[in-house]
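This briefing is meant for a reader who is meeting the structure for the first time.

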Amino acid sequence: MRAIIWKELRENVLWALIGMVVVSLAMVYALELESKQGQSLASNRFLMATMFLGPVLAAAIGFLQITFDARQGYWALLVHRPISRSRLFMGKVLAGLALYFAAMLLPFTASAIWSAMPGHIAGPFRWEVALPGLVDILTGVVYYFAGMIVARRAARWYGSRGLVLVTAIGCSGLVVGIPLLIGALIAIALAGALLFLAARGAFIHNGEYTPQPAPAKASLGLVQLVGIMLVGGMLAAFAGSLAVTRDFRYKNYAVLRDGRVVVQQQLNGNLVSIHDRDGTPLPQFDKPPIDTDELEKIKAPFAWLLLAPPEQFTGQYRRPATAMSLHTYRDRAVYWYFTSDTGRVEGYDTVSRRLIGSFGPSGFVTADQQPTDRFEGELANRWGSVIDGLFTMTSGVYRIDSLHRTVKPVFLPKPGEDVLAAAPFNSSQERRSKRTAIVSGETIHVLDHEDKPLMTFTPEYDAQIYSRLYLYLLDEPNGFGLWYEPLWRRDINVFTLPRYLVTYGSDGQRLAAEEIPAFVRDYRGPSIAEGMLGLVFPPGAAVVAASISTFTVQGRAEFSRMYENRASTASLVVSFLLSAVISLVINLRLARRNAMARSRRIMWATLGLLLGPSGVLLMLCMQTWPARLCCDGCGVARLVSRLNCEHCGAACAPPAPNGTEIFD
Amino acid sequence: MTDAVIQTDKLTKYYRGQPAVEDLSMSVPQGSVFGFLGRNGSGKTTTIRLLLGLTAPTRGGSTLLGHDSQHLPPQLRAQIGYMPEGHPAYGWMKAREAERFHKSFYTHWNGDLFHAVLEHFRITPNTKAKHLSRGMRAGLCLALTLATEPKLLILDDPALGLDPVARHSFLESMVYVTREHNCTILFSSHLLSDVERVADRIAVLDHSVLRACCSVETFRQQVRQVVMRFDGEPPALPAVPGLLTSLRMGNELRLTLVNANGEVDQAMKQVGAASVETVPIGLEEAFLAYLDDRGERTSFFDHVGAKS
């Protein structure tokens with residue numbers, strides 16, 4: 001096998017070198033731009049190089065390795081060596097992947113080392129930022145095998161050959177979409193294993209389907225099916241989208257200064273009406289266009305308090321939480337970051353790109369001084385931890401003035417209690433709006449413009465469900481309105497649960513509570529797009545969709561609501577069934593026409609029933625279709641691949657002699 | 001005759017609904033030099049690819065050295081030397097690198113033989129394959145194939161594109177190996193003189209169908225040419241069994257026949273020729289007639305004469 005590895009390395013090193021140069025240039029370009037922003041290997045620009053160029057290079061190497069040897073004489077020369085084709089394949093794979101990883105990892109490692117050196121990135125560098133890029137590079141393995149299959153499979157170029165690449169692209173989408181590293185690695189391992197088996201089967205059997213063993217056929221089938229479904233889904237969604245209205249309607253609630261709850265309606269992003277909950281338009285806004293400035297004057301200022309637990313944002317390998325960017329537009333010369341391992345807010349000069357110093361609870365120290373303390377606990381939430389200099393840790397709320405290098409504690413919770421959120425009110429027009437709202441444990445604290453305690457109250461709500469709070473400043477009564485609504489979670493239905501507005505006096509006394517119903521979407525049966533998807537993937541996909549949906553309360557509610565409209569349900573079911581039955585019949589006829597064994601007929605018929613047109617396409621893509629000739633015995637077209645006619649059992653007639661035969 | 005080294009049974013291959021090889025049943029005896037003949041597209045290369053398991057048959061099967069062609073184990077492949085059509089050699093490899101590469105797959109390698117063949121073709125070991133002439137490249141391929149000292153040698157159109165000198169060298173090497181190692185050789189070719197020189201048995205494929213499989217001598221005996229002279233314009237021929245070609249040249253009708261017997265002679269007598277003469281025919285001419293399109297034709301010179 002060493003000889004084949006050597007041959008493959010020697011033959012393909014040029015392509016790998018060209019790929020490495022392109023990848024290096026892309027990485028240098030990305031780092032040049034992103035390093036000024038304090039970003040490095042996890043930046044979007046840099047990940048473009050690993051996410052797009054990596055797969056292209058991997059697929060190209062896999063494709064070229066096969067294509068060069070697939071020239072007729074060369075293929076025969078190679079596979080006739082006295083070595084099993086399985087070992088030949090492994091030799092090719094080892095060499096191809098070695099070249100791919102070398103071409104990707106060398107510039108990547110150089111980029112990482114460069115980024116880690118002080119003075120190159122205007123921000124802290126942690127090795128965890130290399131993870132997304134490394135995972136992308138690993139995803140290239142899937143493309144490598146896809147490239148091999150495209151080159152080797154005996155199928156039409158304009159037909160099913162490219163489908164495996166669609167599957168690989170689907171795998172990339174999954175890898176990017178899965179937040180957990182282990183999930184992404186499992187996706188790569190599964191897709192990689194399937195494509196490996198399919199590529200190996202195609203290589204060993206000269207790209208022909210029929211002689212392949214069952215695991216290789218099954219892998220190829222799965223890979224092809226995913227490709228068909230992705231393409232079919234996209235086409236169906238596109239066809240459906242052509243037929244649906246483009247108008248986007250949206251409505252939401254707003255709380256006015258007088259404590260009233262009104263409904264705002266938007267059409268394609270424009271405010272078109274404002275009315276109370278009974279549907280009566282507000283007098284000053286009864287005719288469009290609506291003066292939004294005027295509207296803002298009557299809306300109550302609010303502080304938005306998102307009680308997202310910190311763990312919701314941890315473990316997402318594509319967003320490494322080693323450093324939280326905190327810089328604001330007020331301080332353009334320095335970028336500020338909270339780093340969890342030092343527990344301090346570090347500042348980096350944007351010109352020299354070096355650490356200038358850091359903040360701790362006791363103040364600022366320059367880079368050459370040794371810090372003596374750290375912010376304990378964790379960032380209260382990753383989205384709203386710094387708003388207007390308000391820095392919120394679970395251990396306390398601080399006001400950081402980066403320009404004057406000062407830190408002032410604003411609020412420290414009681415022992416055993418965590419700060420969950422803190423936010424200033426959103427209006428700076430009025431002095432009384434320069435207040436701060438803090439949620440600590442189960443209590444809400446309001447501080448005045450000098451950060452002195454103004455009011456404290458403990459609302460009664462289920463914090464596990466209602467994690468999105470808005471604290472409104474009300475004129476009538478002169479106090480606060482606490483609006484709470486559910487935050488999206490897998491196990492609750494945010495679309496149907498009601499919202500609440502509880503008003504409090506300025507002394508924290510609870511005055512009133514109001515239940516506000518959720519806007520239930522006006523469901524009018526399945527959309528054309530949904531119907532099209534149903535036609536592409538009847539009932540197998542419907543069953544899968546339903547079973548996934550029933551895992552969640554939300555899904556159940558959504559699904560049951562979908563079927564409240566009986567007429568639409570009936571049409572949906574009829575179209576699903578019709579599509580499935582037609583597909584079953586087509587597959588059955590194709591299987592019978594090609595004289596397949598009973599078990600294979602049943603298999604393809606079942607796939608037709610469950611997968612619909614996708615099942616038919618899968619059969620057409622996978623199977624080989626031998627020519628048919630008229631049988632001399634029964635006169636019916638018979639398959640040329642059988643020694644005996646499948647209809648009458650007559651043996652194939654040998655070619656007619658023409659009187660010139662010479663045999664001894 | 002001893003045991004068959006190659007055996008095919010109703011071997012058939014279809015490409016996109018068209019037969020490339022149809023119902024091919026033949027056997028190649030051990031120790032023979034077997035010429036595989038046919039025009040372009042007649043199915044020679046496809047048959048060889050089927051024999052070596054490089055493509056799967058549509059139906060039927062074949063065995064090589066007693067093993068199913070579709071599942072030849074590596075040990076058996078080591079005993080089969082194969083030179084694909086077009087003399088493929090990795091252009092970037094030097095001759096000695098090519099030797100090192102190929103040698104690594106085999107347990108038995110005759111380095112002396114390899115270098116002797118290289119020397120015969122005047123190939124220096126440090127020359128890259130892409131810098132070799134066509135004849136030299138063929139020599140390199142032959143050296144790589146022969147150095148394994150195979151029991152069975154399969155050569156797909158080995159003399160294709162070679163000049164007469166290179167072809168001569170090539171055949172010389174081939175004959176040497178056959179005599180020295182009692183090797184069975186199956187080779188396809190268009191060049192009839194080459195076949196005549198080295199083959200003792202032949203098979204002829206015509207439009208994917210095997211029409212002849214016999215010794216060279218039998219072939220030579222079965223094909224004969226008859227010249228019929230008429231007083232005037234030769235009449236239309238009746239259906240003559242085994243008629244390969246007929247050529248009209250003025251008052252003369254030149255027929256090439258195969259398997260001619262009493263029935264054929266009877267048919268010819270009925271035509272009413274002034275004289276009937278059987279003329280000697282060389283193997284090359286016999287092949288050409290056999291492989292040519294069947295039917296009647298007129299001499300090219302008659303066409304010219306008619307126009308002028």
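A:Val22 counts as partly exposed because its relative accessibility is 42%, where partly exposed lies between buried, under 20% relative accessible area, and exposed, over 50% (1.4 Å probe, protein chains only). This is a predicted model in which local features need pLDDT of at least 70 and side-chain atom pairs count only at pLDDT 80 or more, while totals for chains, interfaces and linings use all residues. Residues are numbered from 1 along each chain as its sequence is written, chains are lettered from A and ligands numbered from 1 in the order in which they are written, and side-chain values use heavy atoms, with hydrogens and water left out.

**Surface patch**

- A:Val22 is placed in helix α1 of chain A, residues 2-34; helices (H or I, at least four residues) and strands (E, at least two) are DSSP runs, numbered from the N terminus.
- Together with A:Val13, A:Leu14, A:Trp15, A:Leu17 and A:Ile18, A:Val22 forms a nonpolar surface patch with about 500 Å² of accessible area, an area that comes from the Shrake-Rupley method with a 1.4 Å probe, only the protein chains shown counting as cover for residues.
- Patches are made of residues with over 30% relative accessible area and no salt bridge, like charges being joined within 9 Å and nonpolar side chains (Val, Leu, Ile, Met, Phe, Trp, Tyr) within 5 Å.

**Salt bridges in chain A**

- Over all chains the structure holds 25 salt bridges, each a side-chain nitrogen of Lys or Arg within 4 Å of a carboxyl oxygen of Asp or Glu.
- A:Asp451 and A:Lys408 meet through their side chains in a salt bridge of 3.2 Å, N to O.
- Because A:Asp451 lies in the loop between β16 (443-447) and β17 (453-457) and A:Lys408 in strand β13 (residues 406-411), this pair ties together parts of chain A that are 43 residues apart in sequence.
- A:Asp451 is buried, at 10% relative accessible area, whereas A:Lys408 is partly exposed, at 40%.
- A network of salt bridges links A:Lys7, A:Glu8, A:Glu11, A:Asp69 and A:Lys92.

**Salt bridges in chain B**

- B:Asp23 and B:Arg59 meet in a salt bridge of 3.9 Å, N to O, and since B:Asp23 lies in strand β2 (residues 18-29) and B:Arg59 in strand β4 (residues 59-64), the pair ties together parts of chain B that are 36 residues apart in sequence.
- B:Asp23 is buried at 16% relative accessible area, and B:Arg59 is buried at 4%.
- B:Arg229 forms a salt bridge with B:Glu252, their closest N and O atoms being 3.5 Å apart.
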